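Trainee: I would like to go through the fold of this chain with you. Please put the sequence and structure up.

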Amino acid sequence: MNDEKREVINKYFKKQKVINILEIEFIKYLNTNLYIRLDYYKKDYIYRLTWINLDMCTENNLLNFLNVEIVPSEVCEYIIKLVQGKAFNSKKLPKKYDDDIVRIKINTKTLILGSNQLEFYRYLPIEYNFLVDVFAILSKNLPSKLDEFFIRTLAIISGQNDRYDYMSPIRFNIKKDDISKIIKPHIIEKGKDYLNHIKFLEKIDNFYYAVIEGVNPYIVIIKEIEKNKVLLHCSCPCEFYCKHIYAALKAIQNGEEKKFYKVIYNNKDVDLLDRLTNNDFILCVGAYEDRLRLINVHGEIGLLPILDDKGNCPWTILEDDEEKNLEKYIEEIIRKRDYE
């Protein structure tokens with residue numbers, strides 16, 4: 001639908017007899033469909049920046065939604081200087097990409113034969129970093145009500161908006177998508193070293209939980225919101241998609257699974273079957289001294305005593321490993337109690 005709308009706009013501008021400098025289209029980028037073009041009006045000797053929110057109009061009325069800003073000639077000449085002589089790779093994205101896409105077309109002469117169109121998903125390819133300045137300059141000449149959109153967009157395009165990504169659900173199919181879509185190459189290289197450090201990895205309902213040993217044991221939680229939308233979190237200090245998240249995602253794609261110990265706190269007031277039906281169990285990653293290492297509601301590893309104040313064990317083991325290591329450990333704690 002947006003392609004048809006863009007064609008209507010282009011036909012309109014052809015009648016205006018303008019020289020087009022560039023066109024940029026944001027396709028479902030931050031849930032926004034925005035079309036921008038910079039043109040030189042020969043008759044008036046001025047540059048105009050035109051933009052339209054394609055979500056707000058239909059093909060029949062979209063010309064009523066065109067917004068125009070006059071841009072200083074020195075600004076436009078600087079933009080032309082940035083892009084002139086650059087040849088872009090015209091390779092189209094696979095059809096599976098349907099949002100967070102930027103399509104840019106440069107209509108200045110190139111020194112190299114080839115296309116002057118570029119299409120990319122979410123992040124600007126590093127070889128086209130000079131375009132960050134173009135996006136920034138154009139955003140400065142658009143209305144202030146678009147400031148938030150462009151601040152976030154520029155940060156994402158330039159790969160500097162890790163924290164925003166990290167706190168938000170993203171489009172990603174855990175089983176099928178290339179992890180390099182969301183994690184940067186140097187982080188992936190570090191993450192490969194952690195594939196053998198995964199102590200636990202299990203899917204429970206629509207959550208994947210993983211424990212990865214590093215300087216400390218870190219917990220990765222991956223929530224499947226929809227089939228192609230996830231929320232990723234790691235308990236390490238990083239505020240971006242880290243090496244631990246990479247290791248967990250890669251292990252999931254490799255079909256690996258290392259089940260957690262599972263324990264339940266004995267509660268005489270609630271029937272055990274009811275608690276099991278409600279998944280009222282606690283993920284356990286082992287024991288340390290006289291305490292169980294449990295994952296708390298904040299996705300962190302906490303320690304709780306194996307024995308209560310009366311010296312009794314209030315825990316029931318629901319799932320152990322094949323060697324019954326957790327059961328043996330608790331039995332040893334009880335033997336020490338009896339010996340003392």
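What follows is a short exchange on the sheet, its helices and the chain totals.

Mentor: This is a predicted model, in which local features need pLDDT of at least 70 and side-chain atom pairs count only at pLDDT 80 or more, while totals for chains, interfaces and linings use all residues. Residues are numbered from 1 along each chain as its sequence is written, and side-chain values use heavy atoms, with hydrogens and water left out.

Trainee: What is the strand order of the open sheet of six strands?

Mentor: Helices (H or I, at least four residues) and strands (E, at least two) are DSSP runs numbered from the N terminus, and two strands pair if DSSP finds at least two bridges between them. Strand 4 (67-71) and strand 6 (117-121) are the edges, each pairing on one side only. The pairing is antiparallel and the order is 4-3-2-1-5-6.

Trainee: Which residue of strand 4 stands opposite Arg 48?

Mentor: Strand 3 (residues 46-53) and strand 4 run antiparallel, joined by five bridges. Opposite Arg 48, the residue in strand 4 is Ile 70.

Trainee: What angle does the direction of helix 2 make with that of strand 3?

Mentor: Angles run from 0 to 180 degrees between N-to-C directions, with axes fitted to C-alpha atoms, for helices over the stretch in contact (heavy atoms within 4.5 Å). Helix 2 (residues 73-83) packs on the sheet, touching strands that include strand 3 and strand 4. Its direction and that of strand 3 make an angle of about 80°.

Trainee: What share of the 340 residues counts as buried?

Mentor: Buried means under 20% relative accessible area, with a 1.4 Å probe and protein chains only. By that cut-off, the share of the chain is 44%.

Methods:
Buried means under 20% relative accessible area, exposed over 50%, partly exposed in between (1.4 Å probe, protein chains only).
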